[in-house]
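Take a look at the sequence and the structure below. Then read on for a short tour.

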Amino acid sequence: MTVSDVPPAVVLVVEDEPALRLLSEEILAEYGGYEVISAAHAGQALAILSARQEVRLVFTDTNMPGANMGLDLALAVKANWPGTGVLLPSGAPP
């Protein structure tokens, strides 16, 4: 098996702002070589994670509307999918 035979890692982008979600998807796919799937909110992300066990990284906004914000999602990922990494970037001022 060569490196080119290895499928790309799957990254789940969770972002409520459509333009930022699209930009994140494009950067991760084009420059990172990842297979990227996306969700607009934490509830959708949890459903995707339940269905797609191959997700290796969740790239999630910290500030999202709804009951489950980014930190809540990160905690749920670590509790239910311990082999999946979580990256929590934020553009919000401190």
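## The model

This model is predicted: local features need pLDDT of at least 70, side-chain atom pairs count only at pLDDT 80 or more, and totals for chains, interfaces and linings use all residues. Residues are numbered from 1 along each chain as its sequence is written, and side-chain values use heavy atoms, with hydrogens and water left out.

## The fold

The protein chain has three helices and four strands. Their order from the N terminus is β-α-β-α-β-α-β. Helices (H or I, at least four residues) and strands (E, at least two) are DSSP runs, numbered from the N terminus.

## The core

Of the 94 residues, 31% count as buried (under 20% relative accessible area, 1.4 Å probe, protein chains only). The largest nonpolar core has 15 residues. Such a core is a set of buried Ala, Val, Leu, Ile, Met, Phe, Trp, Tyr and Cys residues joined through side-chain atoms within 4.5 Å. S1, S2, H2, S3 and H3 each supply at least two residues of this core. H2 gives the most, with four.

Leu73 is among the residues with the most contacts inside the core. Leu73 touches Val14, Ala42, Ala45, Leu46, Val58 and Thr60, leaving aside residues up to four places away in sequence. Contact means heavy atoms within 4.5 Å.

## The surface

Terms used
Buried < 20%, exposed > 50% of the residue type's maximum accessible area, 1.4 Å probe, protein only.
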